[in-house]
Amino acid sequence: MNIFPGLDFIDTHTHLDIPPLSEDQPGAISRAEKAGVCQVITIGIDLASSKKSLELAEQFPQVFAAVGIHPHDAKGASDEVYKELLELAVIPNVVAWGEIGLDFVKEYSPRDIQREVFRQQIQMAGQVDLPIIIHNRDAHVETVEILREEAAGTLRGVMHCFSGDVKVAKQVLDLGLFISVTGVVTFPKAEVVKEVVRYVPLERLLIETDSPFLSPVPYRGKPNEPARVVHVAKEIARIKEVPLEEIARCTSANARDLFRLPAP
Ligand SMILES: [Zn+2]
Ligand SMILES: [Zn+2]
């Protein structure tokens, strides 16, 4: 039973294949449904997790998959891996290419390899006509630069777990992308993200958990799961002074539009 009758939320970014979420996927999905979260997109970080994402999408009607190589795993990319990803990408339950991008905080892969693998995947997503899910940490300038060079005018996608300021948000919106917000927006000290939410028009906002990471208040520090995307929506409603119903309706319409999801 949906505890918010008539409302439906979409968690546009979860990792159902990462522990502890991977230990009880049916439980996480049924708790999400009870909370009004009717659809979720589970994200690939490398070839193995892309395959798992697709398996989950085939197992659960509420789940859709994204396939791709995370910047952390960029060093594992090869022509063989690209070929397999391209084969997965055309399967109907795959709704996005991601997550891809640049992570200059952890640098598990060298920066030049991250750049190359990011560019390559933007092009492949274009070939198979999938929107991209972009991960970017401490690499705002370069991420925007690469996006401009690779796909000016043809870009469809989202900057996930947005961590830039209003200036970066404007650049991302100018590229035609959506901006997606996680539970970080509920943290009392996350003034910059709250400011971004105030700035971005509702027509360009998406919500996500990035679970099992980034649990929102009041679950901060505990493992996260798709049901908690509702707390992200509530905080956006508070900041924008718009009813929760409107946030649910609009962010779900945006997600269905971008990822071409069926009605639930
Ligand atoms: Zn990410
Ligand atoms: Zn992620």
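With 264 residues, a compact globule would have a radius of gyration near 18 Å, and the chain agrees at 17 Å (taken over C-alpha atoms; the rule is 2.2 Å times the number of residues to the power 0.38). This is a predicted model, in which local features need pLDDT of at least 70, side-chain atom pairs count only at pLDDT 80 or more, and totals for chains, interfaces and linings use all residues. Residues are numbered from 1 along each chain as its sequence is written, with chains lettered from A and ligands numbered from 1 in the order in which they are written.

Student: Which residues of helix α7 are buried, and within what arc do they fall?

Tutor: Buried means 20 or more other C-beta atoms within 10 Å of the residue's own, exposed 12 or fewer, and partly exposed in between, with C-beta atoms placed from the backbone. In α7 (residues 191-199), the buried residues are Val 193, Lys 194, Val 196 and Val 197. Seen down the axis, they line one face of the helix, because their directions from the axis to the C-beta atoms fall within an arc of 155 degrees.

Student: Which residues of α7 are exposed on the other side?

Tutor: The buried residues of α7 are covered by elements including α6 (166-174), β7 (178-181) and α8 (229-240). On the other side, the exposed residues are Glu 191 and Arg 198.

Student: At what angle do α8 and α9 pack?

Tutor: Helix α9 covers residues 244-259, and its axis lies 9 Å from that of α8. Axes are lines fitted to C-alpha atoms over the stretch in contact, and angles run from 0 to 180 degrees between N-to-C directions. The angle is about 115 degrees.

Technical notes: Helices (H or I, at least four residues) and strands (E, at least two) are DSSP runs, numbered from the N terminus. Two residues are in contact if their C-beta atoms, placed from the backbone, lie within 7 Å.
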